[in-house]
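Here is a quick briefing to read alongside the model. Keep the structure open and look up each residue as it comes along.

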Amino acid sequence: MPDDAPADIDALGDLCTPWCIHTAVTLRIAEHIAGGVTGIDGIARAVGCDAEALNRMLSWLVAKGVFEEPSPGCFSLNEAARALMEPARRIGMDLGGIGGRMAYAWGTMPTYVRTGAPGYAEMFGLPFWEDLDAHPALAASFDDLIGQIGHGTPSVAFQPQGGWEGVHTVVDVGGGTGVFLAELLRVHPALTGTLVDLPRTVARAEAAFGSAGVAARVSTIGQSFFDPLPGGADLYLLKNVINDWPDAEAVAILTRCAEAARPRGRVIILAGIDAYEASRPLSPEMVLAGGKHRTLTELQTIAGRAGLEVLAAAQQPPRYFVVECRPI
């Protein structure tokens, strides 16, 4: 946008279009059209909606470039509409699962801005992580969103100091359903690994380990990472974990890693952002759970409070900022 072009406040403040898109995904409108149901009456019957209201919603989206209407009341897919069928969008925009929590949570923005803390519990009755614990189906959709369905096969191209030759055992702390650890073990056949996450989450890891052919070299431990971690491993990994938590909880997680890594293990923090970035972008984890994107100096500070010394910190391809620590 040219520097002298004013922002279109009406477009930026439009809430109608996002909610129409979320509703279209939730109702699987694109899938029904792709299956040959193109008339508004047929679509409405298929999804259990009022035909007139649905027609108004789809016509609005046509005007915004999502879907086409070759003739009145008859709809077809365009490139934008086909994108609504992508698995990650199905999960991230479906109002019936984690997509609904993420969408409605933006309504708590005034609380977050006023207090610096999430207002999630005001909207849903429980803080974010407790809400997931209380609703297994919701938690499963969250696991899918942050796992392979939502992000594809992860890159494991990062390198610890000195390379992988001296690393034999890895603990993936908060590693979800094991997709990252499975790929790491597949690429490095000499490694054995342990996945640590909540019991409901690690119970879903078998498929990832089996498809990667690494089941014989991996074990799972179902527990919170706020509890003592298995000790004696060469490397403890925290991939996109620390940014999900405020400082006090982040220090507690790092403290558990430091305890487990003593005396000779190392801790690697993998963040999906450049920790040197001076700007302070807003992200969903901040509004959902009070997470925090930190500069390198801030990471060093909380690591020190947890009993860790930063040995190296650098951007590594394709997108990780890698902070490597050792216990003090």
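Let's start with Thr111, which sits in helix H9 (residues 109–115); helices here are DSSP runs of H or I with at least four residues, strands are runs of E with at least two, and both are numbered from the N terminus. With 17% relative accessibility, Thr111 counts as buried (buried means under 20% relative accessible area, exposed over 50%, and partly exposed in between, using a 1.4 Å probe and protein chains only). Setting aside neighbours within four places in sequence, Thr111 touches Gly116, Ala117, Pro118, Gly119 and Glu122, where contact means heavy atoms within 4.5 Å.

Keep in mind that this is a predicted model: local features need pLDDT of at least 70, side-chain atom pairs count only at pLDDT 80 or more, and totals for chains, interfaces and linings use all residues. Residues are numbered from 1 along each chain as its sequence is written, and side-chain values use heavy atoms, with hydrogens and water left out.

**The whole chain**

- The chain has 19 helices and nine strands.
- Its C-alpha trace spans about 70 × 50 × 40 Å along the principal axes.
- Of its 328 residues, 45% count as buried.
- Take the contacts between residues at least 6 apart in sequence: 64% of them join residues at least 24 apart.

- Two packed helices are described by the angle between their axes and the distance between the axes.
- The axes of H4 (residues 40–47) and H5 (residues 51–63) come within 9 Å and cross at roughly 110°; axes are lines fitted to C-alpha atoms, for helices over the stretch in contact, and angles run from 0 to 180 degrees between N-to-C directions.
- H4 and H5 are therefore roughly perpendicular to each other (that label covers 65 to 115 degrees, while under 35 is roughly parallel, over 145 roughly antiparallel and the rest oblique).
- On the H4 side, the contact uses Ile40, Asp41, Ile43, Ala44 and Val47, and on the H5 side Ala51, Leu54, Asn55 and Leu58.
- Sorted by class, the contact of H4 with H5 has seven nonpolar, one polar and one charged residues (Ala, Val, Leu, Ile, Met, Phe, Trp, Tyr, Cys and Pro count as nonpolar, Asp, Glu, Lys and Arg as charged, and the others, Gly among them, as polar).
- Now look at H8 (residues 98–105) and H12 (residues 136–146): their axes come within 8 Å and cross at roughly 85°.
- That makes H8 roughly perpendicular to H12.
- Here Ile98, Arg101 and Met102 of H8 meet Leu138, Ser141, Phe142 and Leu145 of H12.
- This contact of H8 with H12 has five nonpolar, one polar and one charged residues.

**Helices and their buried residues**

- Seven of the nine residues of H14 (residues 179–187) are buried, so this helix is largely enclosed by the rest of the structure.
- Those buried residues in H14 are Val179, Phe180, Leu181, Ala182, Glu183, Leu184 and Leu185.
- In H19 (residues 296–305), Leu296, Leu299, Ile302 and Ala303 are buried.
- Looking down the axis of H19, its buried residues fall within an arc of 130°, so they line one face of the helix (the arc is that of the directions from the helix axis to the C-beta atoms).
- On the face of H19 turned away from that buried side, you'll find the exposed residues Thr297 and Arg305.
- The cover over the buried residues of H19 includes helix H17 (247–261), strand E8 (308–316) and strand E9 (320–327).

**Backbone spots to check**

- Just after H19, Gly307 takes a positive phi of about 85°.
- Phe67 isn't a glycine, yet its phi is positive too, near 75°.
- You'll find Phe67 in the loop between H5 and strand E1 (68–71), and it is buried, with a relative accessible area of 1%.
- Asn240, also not a glycine, has a positive phi of about 50°.
- Arg262 and Pro263 are joined by a cis peptide bond, with omega about 5°.
- Pro263 is exposed, with a relative accessible area of 62%, and belongs to the loop between H17 and strand E7 (266–271).
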